[in-house]
Amino acid sequence: MRKTLTLIAALAAGSAVAQQAADAVQPEATTTGGFAAMSRQVAVALKAKDDGLPVTGQTWMVAAANPHAVQAGADVLAAGGTAADALVAVQAVLGLVEPQSSGLGGGAFLVWYDADSDALTTLGGRETAPLAATPTRFQDANGEPLKFYDAVVGGLSVGVPGTPALLATAQAKWGTGDWADLLQPAIALAQGGFDVSPRLAGLVAADADRLAQFETTASYFLPDGQPVQAGQRLTNVAYADTLLALAADPDAFYTGAIAQDIVDTVNAAVPSGGLLTTLDFSLYTTRERAAVCAPFQDHEVCGMGPPSSGALTVGQILGMLDHYDLAALGPADPQAWRLIGDASRLAFADRGRYMADSDFVPMPTKGLVDPAYLAERAKLLAGDDALPEVSPGNPEWDHAMIWADDESIELPSTSHISIVDSFGNVASMTTTIENGFGSRLMVRGFLLNNELTDFSFRTHSDGVPIANRLEPGKRPRSSMAPTIVMKDGAPVLAIGSPGGSRIIGYVAQAIIAHLAWGMDVQQAVAMPHAVNRFGAYDLEADTTAAELQGPLGEMGFDVGTRELNSGLHAIAIGDGLTGGADPRREGIALGD
């Protein structure tokens with residue numbers, strides 16, 4: 001490996017990120033085309049991202065995956081709204097202009113720092129399984145797991161959406177604006193129309209065969225039988241009408257006509273209908289839980305607990321690495337990546353064994369991030385070569401339980417929003433409908449999730465139950481990792497990413513880059529990726545990360561290159577605010 005290689009220098013030189021047409025497995029293509037004419041503020045933000053520079057501000061900031069959505073949030077913040085108010089506006093617009101990734105038909109996790117109480121908390125809006133669901137739902141007549149897309153497409157995979165309830169709960173707790181007013185930007189855009197971005201057009205074209213299976217979905221994304229084109233004006237009156245109903249009553253999503261239409265659409269889907277009922281909707285609630293935190297570089301890295309595996313797995317990775325001097329090694333040293341890769345493998349081994357919905361299965365949540373446990377696991381990283389094999393550890397439990405390793409599949413999609421308001425509140429929310437375009441079922445102008453495929457398709461392994469198996473009313477495990485990093489009791493960084501189970505690696509790497517390697521937030525989110533989850537090391541193709549292939553291979557890793565399309569959005573809080581938006585997506589940061 002060349003001694004001169006530095007990933008920071010590669011950032012400054014504008015190292016290329018692969019921009020190939022997305023397929024259904026990598027549904028998030030890169031483009032920022034078509035937005036520069038929106039406003040001078042947006043044009044400046046796009047130019048800053050192209051130049052590899054963070055956006056700066058003193059009072060408030062928002063970073064998210066589409067300029068229309070960011071502008072809606074920025075307008076709320078500029079008018080004196082809170083981060084919770086802005087979240088509503090941002091998510092409502094994202095569900096219109098980036099429908100393949102998130103929306104009313106999906107779920108979300110929110111990490112919230114409240115400036116008034118100086119407290120950190122989390123809200124879970126994860127989807128729930130129907131009460132009529134059974135653990136063998138994703139198995140064939142012989143008890144074998146279904147093929148992934150046979151389970152995804154149609155009603156079989158749809159859980160009760162949680163995003164509308166989370167937004168209403170967060171805004172009621174921490175918002176000051178009028179709920180109905182916060183939905184108006186999305187309503188106006190849906191009624192008046194928006195220009196289809198090159199990214200959305202490319203994703204529709206790549207998934208056209210699946211989108212064509214359902215009449216309502218096809219009529220929107222494939223008018224006259226052809227995929228929507230970049231620059232085409234697209235209106236969504238049905239979505240506007242749904243938002244108008246929610247503006248009048250935030251509970252309308254879970255009662256009456258909207259819930260009934262979702263139930264009817266899901267259960268009538270051919271060839272795979274669902275099992276949802278209006279009772280499932282009426283029983284849905286968000287969950288407020290304590291944040292899960294782990295130490296790193298004299299900071300506390302905090303995020304979502306179960307059913308998300310995000311904070312626990314990110315926390316384990318960073319907690320183990322905190323026993324090694326990553327700052328001294330630097331981002332160009334293959335030994336740094338050996339440590340990161342094997343720490344990730346060890347954390348993912350624990351994730352596969354123990355992590356699931358703790359409302360349904362006992363979990364060693366405290367034990368998994370206990371400093372003494374992480375110190376013991378960190379000792380396994382001593383040496384010079386890749387670990388020949390990894391296995392789950394034995395964290396301290398409140399009581400004993402034996403689980404088999406999980407076999408669930410998570411493919412990349414999703415979206416992330418980071419917001420800081422003028423009052424000092426901080427929001428970090430990751431939001432999803434799971435796979436790109438979710439179940440491909442569309443109702444009342446929005447797509448429905450396929451979130452139930454985040455459960456393990458198998459229920460047992462060698463007679464031992466799998467913690468993340470499907471159960472009635474249960475919430476599937478997630479890798480979403482919305483994060484707020486704290487220093488001396490105050491927030492210093494809000495960050496998160498889409499990307500399936502690679503979310504964990506993307507977020508951990510960006511935090512390392514910022515805290516240990518001194519990169520600003522734009523450099524940290526743009527940095528070429530190297531991700532290891534289950535043994536194979538994925539290096540981002542056509543970037544300087546690919547130059548690690550030889551050194552890591554010599555250490556004993558199975559190494560390959562591929563597109564790694566994260567969507568990191570971060571805000572650093574210190575002497576003012578600095579925001580970064582992932583160049584692999586079309587998002588921006590705006591601040592004042």
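Mentor: Gladly! Helices (H or I, at least four residues) and strands (E, at least two) are DSSP runs, numbered from the N terminus. By that count the chain has 22 helices and 23 strands. Please keep in mind that this is a predicted model, where local features need pLDDT of at least 70 and side-chain atom pairs count only at pLDDT 80 or more, while totals for chains, interfaces and linings use all residues. Residues are numbered from 1 along each chain as its sequence is written, and side-chain values use heavy atoms, with hydrogens and water left out.

Let us settle on strand 2, which covers residues 61-64. Met-61 and Ala-63 point one way from this strand, and Val-62 and Ala-64 point the other way. All of them are buried, a word that means under 20% relative accessible area, with exposed meaning over 50% and partly exposed in between (1.4 Å probe, protein chains only).

Now for the partners; two strands pair if DSSP finds at least two bridges between them. Strand 10 (residues 415-420) pairs with strand 2 in the antiparallel sense over three bridges, and Ile-419 in strand 10 is the bridge partner of Val-62. Strand 23 (residues 588-591) also runs antiparallel to strand 2, joined by four bridges. There, Leu-590 stands opposite Val-62.

How does the wider chain look? Of its 592 residues, 64% count as buried. Among contacts (heavy atoms within 4.5 Å) between residues at least 6 apart in sequence, 74% join residues at least 24 apart. The C-alpha trace spans about 60 × 60 × 50 Å along its principal axes.

A search of the whole structure finds one disulfide, defined as a pair of cysteine sulfur atoms within 2.5 Å. Cys-293 and Cys-302 form this disulfide, with their sulfur atoms 2.1 Å apart. The torsion about their S-S bond is about 115°, so the disulfide is right-handed. Cys-293 counts as partly exposed because its relative accessibility is 28%, whereas Cys-302, at 3%, counts as buried.

Finally, a word on confidence: pLDDT is the predictor's confidence in each residue, from 0 to 100. Its mean over the chain is 91, and 91% of the residues reach 70 or more. Over residues 1-32, though, pLDDT stays under 50, and the model has 86 contacts beyond four places in sequence for them. Where pLDDT is low, the predicted coordinates should not be read in detail.
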